Amino acid sequence: MTELLVPITIFVLAILVGFEVISKVPATLHTPLMSGANSIHGIVLVGGMLIAADATEIVGYTLAFVAMVFGATNVVGGYVVTDRMLLMFKKKPTAPKAEAKA
Amino acid sequence: MTISDLVYLAQLAGAAAFVLGLHYMNSPATARNGNLLSAGGMILAVAATLVGLVTRPGGLSTASWAIIIAGFAIGAGAGLWMARNVKMTAMPQLVSLFNAVGGGAAALVAIQDYLRIGTDGGASVSTSVFVVLGAAIGCVTFSGSLIASGKLQGVVSGKPIIFPGSRPLTVVLAVVAVVGTAVLILDAAGTLALGSGAAALVLGVIIASALVFGITMVLPIGGADMPVVISLLNSFTGTAAAMAGFVLNNPVLIISGALVGASGGILTKLMADAMNRSIINIIVGGFGGGEGTVGSAGGGTTQARGVSADDVAIQLVYASNVIIVPGYGLAVAQAQYACRELAELLESKGVDVKYAIHPVAGRMPGHMNVLLAEANVPYPSLKEMDDINPEFDRCDVALVVGANDVTNPAARRPGNPVSGMPILNVDHAKSIVVIKRSMGRGYAGIDNELYGNPKTGMLFADAKDGLGQLVAAVKAL
């Protein structure tokens with residue numbers, strides 16, 4: 001249990017940071033937000049790499065391979081599609097004004 | 001400082017980039033850079049992990065290299081192709097699909113790690129807990145998101161599907177998963193002495209019940225509740241990734257998973273509030289799913305007044321304030337371009353045009369905004385419900401295109417399926433025009449009292465045709 005205290009602390013604090021950051025996102029951007037958050041959990045790709053490295057038999061190799069495919073689809077597809085959406089929000093005629101202010 | 005310390009710090013920097021990336025999402029002007037920053041963090045975290053694996057004692061075997069490279073290439077190619085080719089109307093099902101594979105990957109990571117530890121002499125109690133949670137949540141998300149995606153795509157019926165015994169079955173599956181979890185924890189604690197084979201079998205039973213649970217959980221949920229379901233499943237995947245992080249003792253996975261879990265949780269709450277329904281209520285029973293809720297509220301058949309496109313065009317041109325209320329029907333008919341054309345035409349004639357966006361318009365949170373942005377509608381004219389509602393009192397013409405239940409004044413009275421749902425105050429406008437193919441009902445399955453309002457004129461047409469007729473009629477004036 002003791003060795004879990006630090007990870008649990010990280011987990012709780014990260015949830016609070018998440019609440020804080022995300023509650024400020026306007027409704028206009030909720031779809032890109034969800035899609036972007038979706039790409040972030042593609043970080044399980046890292047988990048896929050770790051299990052691929054430790055696998056020694058056919059079951060392990062298979063599970064790791066499928067995890068890699070799933071994780072990579074999630075990460076690459078997620079970021080690209082989010083970018084496509086956000087590009088549409090940027091090319092508005094009003095966008096240059098907003099940028100000039102910022 | 002060793003290489004593994006550097007790898008850790010690089011992964012931490014990646015996690016920090018995720019947080020900052022989400023922070024930049026708070027304005028349309030910075031959002032794209034935020035997403036790019038987040039992607040950069042991801043590349044850094046993945047590259048650092050690879051460096052860590054290569055430089056560790058023993059390095060990477062040829063087989064591991066092959067799996068990592070081939071798996072990544074196939075997945076990245078598939079993801080890239082889908083992301084490039086998806087239509088914006090199909091965005092909810094794609095996000096749902098990406099969510100499914102993310103949940104599936106998290107489950108696989110947890111399962112494989114458990115099997116590996118099992119052969120190494122057994123998992124500790126804490127590892128077992130997180131493995132089972134990661135595997136179960138990941139599996140529920142995987143099958144649930146696939147069903148949600150199928151419903152949105154129309155492969156699976158969008159109507160609530162309830163078969164005899166589906167509710168008890170869902171409960172039984174949950175009980176099986178919980179009992180299985182308890183068995184594995186007792187095994188890890190040494191109270192039970194299962195062999196590694198028996199433990200793997202129990203894990204298999206948990207996985208199977210979680211997969212079926214995901215299906216039976218989403219099947220009874222109707223299309224109108226999809227924004228809530230997608231948000232909830234997104235939150236689940238984040239949690240599953242965090243659990244995988246606990247299993248692998250990897251902080252970057254824990255942080256990222258927690259961020260996504262929080263984000264999905266907030267959106268789920270917002271969507272549920274926008275329909276005045278609890279999350280439990282949505283999961284347990286769909287709109288209009290039995291229970292004799294249909295009818296009874298309206299009091300007789302609604303008498304509607306039909307209008308012609310020419311009449312509406314005159315009304316619109318001589319108005320000073322027009323509010324367009326787009327709903328999912330507009331997206332289905334691919335009418336967002338016709339909608340923008342009409343708005344621009346009216347603006348060129350000095351009419352002030354705004355859009356009223358209900359939080360649950362579309363099939364995922366914020367979906368309508370994306371669809372209108374795609375049609376080049378400037379985002380400052382898209383107004384959220386609380387901002388636009390007072391303006392309906394000053395509005396000359398409210399043009400409702402493809403929205404239904406979110407405009408039903410019946411929501412202000414108790415005793416019907418939409419009671420208490422926050423609605424757009426369309427009935428406060430001086431005049432109302434509804435473009436709709438027929439007098440058909442929305443997802444709530446009740447008549448819309450707005451259509452019987454003496455101020456309301458019905459333009460019976462498909463959203464795209466109706467808007468096209470209006471554009472032509474306005475041009476002809």
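Begin in chain B by selecting strand β1, residues 321–326: five of its six residues are buried, that is, under 20% relative accessible area with a 1.4 Å probe and protein chains only. This is a predicted model, in which local features need pLDDT of at least 70, side-chain atom pairs count only at pLDDT 80 or more, and totals for chains, interfaces and linings use all residues. Residues are numbered from 1 along each chain as its sequence is written, chains are lettered from A and ligands numbered from 1 in the order in which they are written, and side-chain values use heavy atoms, without hydrogens and water.

Strands are DSSP E runs of at least two residues, helices H or I runs of at least four, numbered from the N terminus; two strands pair if DSSP finds at least two bridges between them. Display B:N321 with its bridge partner B:D352 in β2(B).

Then select strand β4 of chain B, residues 397–401, paired with β1(B) in the parallel sense over five bridges. Here B:A398 of β4(B) stands opposite B:I323.

Now move to chain A and select helices α2 (residues 30–40) and α4 (residues 58–90), whose axes lie 8 Å apart at an angle of about 155 degrees. The two helices are therefore roughly antiparallel, a term for angles over 145 degrees. Residues in contact (heavy atoms within 4.5 Å) include A:T31, A:P32 and A:S35 in α2(A), and A:N74, A:V75 and A:G78 in α4(A).

How values were computed:
Buried < 20%, exposed > 50% of the residue type's maximum accessible area, 1.4 Å probe, protein only. Axes fitted to C-alpha atoms, helices over the stretch in contact; angles between N-to-C directions. Parallel < 35°, antiparallel > 145°, perpendicular 65-115°, else oblique.
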